[in-house]
Amino acid sequence: MILFLRYEGNRRGVFHIFSLACFAVSLLIIEVCVILPLIVLLIDYLFLSHGEIRKVAGNFLRLHLGFFIVLGADLMVRSYIIGWSFFSQRALWALNFINGTHPLWRFFTVLKISALYARLLFFPYDLKIEYLFQPANSFLEPAVLFGLALLLLLIIAFVKNVKRHPVLSFSIIWLFITMLPVSNLFPQGNIFAERYLYIPSLGFCVGAGFIFWWLLKQNVKTEFLAWKRYVYVLFILLTIAFGRVTYERNKVWQSDLILWQETVCKSPGNFRAHVNLATAYYNLSRWDKAMEEISIALAIEPSSSDALFTSGSIYL
């Protein structure tokens, strides 16, 4: 991305070539990089073309075509050489999820996922590494309705601020684009995980920073303190609150044992949590505790290959 911006700044082709090469390499390392051509389009639309679609179209050959050619080549290699596709059996396999019953259950579930991710961004409590996630089988589920309302609200905010506040629009559409690969609109192994918010949270932070900047620019008359002081106090309180959550989570991640003990405590019905806790006990040579946890895991999911393998390792 930096190389692409350098190319746009001085029009030296070598930067564009290196940006395409870095994109090709990134696709081999982490698949979520498929979103980069859309990010480049977004930057062009909001900051280079200033919301003019015709200008974006005029820039397509020079700025964007190379990224889409690299992406197309990567997908062809995956499809014809590796045999991968969005709907392969491996992609359809879900680790902590069962299919819904309604014909539109996947679309409903995407909305439900969006609502839960929004809750994690604004109110990061009850955090855990493993979630037991139930599919959405009705449009009338509260989480589905909230996800739809949030989606519509963000779309309206994006459209209204394209030219007035492009930074805010950038933060909104960044959330959409970076969530696409992990939203389960296309099947994948794990349907919901906190780590999927790492990249989207950048858009959230940019948007939050813009909102605080906008609040500081408002000339609001207050009775006791100057308006800016209220904004500063709010910012400090939120920083302390989120910092406290980060500090507490860091203590949980001190070791595998502490991490999976906490996960089992919060999700006692999650068999994978029990398997991983058993593995943590096994690595510490605490055989009795490991066998106790693996027995619970097998009681929940008798056919789990991970649980059976760990059980055999303990006996050996």
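1. S169 is buried, its relative accessible area being 0%. This residue lies in helix α8. Leaving aside residues up to four places away in sequence, S169 is in contact with L46, A157, F158, N161 and V162. The model is a predicted one, and the points below should be read with that in mind.

2. In soluble globular proteins, nonpolar side chains tend to be buried together.

3. F23 deserves a separate look. With residues up to four places away in sequence not counted, F23 touches C33, L36, P37, F67, V70 and L71.

4. Aromatic pairs number twelve in the structure. One of them joins Y282 and W287: the ring centres are 5.4 Å apart and the planes stand at 65 degrees, so the pair counts as edge-to-face. Y282 is partly exposed because its relative accessible area, 29%, falls between the 20% and 50% limits. W287, with a relative accessible area of 44%, is likewise partly exposed.

5. F47, F170 and W174 form a cluster linked by ring pairs.

6. One charge also meets a ring. The charged end of R119 sits over the ring of Y125, at 4.3 Å from the ring centre.

Note on methods. Residues are numbered from 1 along each chain as its sequence is written. This is a predicted model: local features need pLDDT of at least 70, side-chain atom pairs count only at pLDDT 80 or more; totals for chains, interfaces and linings use all residues. Side-chain values use heavy atoms; hydrogens and water are left out. Contact means heavy atoms within 4.5 Å. Helices (H or I, at least four residues) and strands (E, at least two) are DSSP runs, numbered from the N terminus. Buried means under 20% relative accessible area, exposed over 50%, partly exposed in between (1.4 Å probe, protein chains only). Rings of Phe, Tyr and Trp (its six-membered ring) pair if their centres lie within 6.5 Å; planes under 30 degrees apart count as stacked, over 60 as edge-to-face and the rest as tilted. A charge sits over a ring if NZ of Lys or CZ of Arg is within 6 Å of the ring centre and within 35 degrees of the ring normal.
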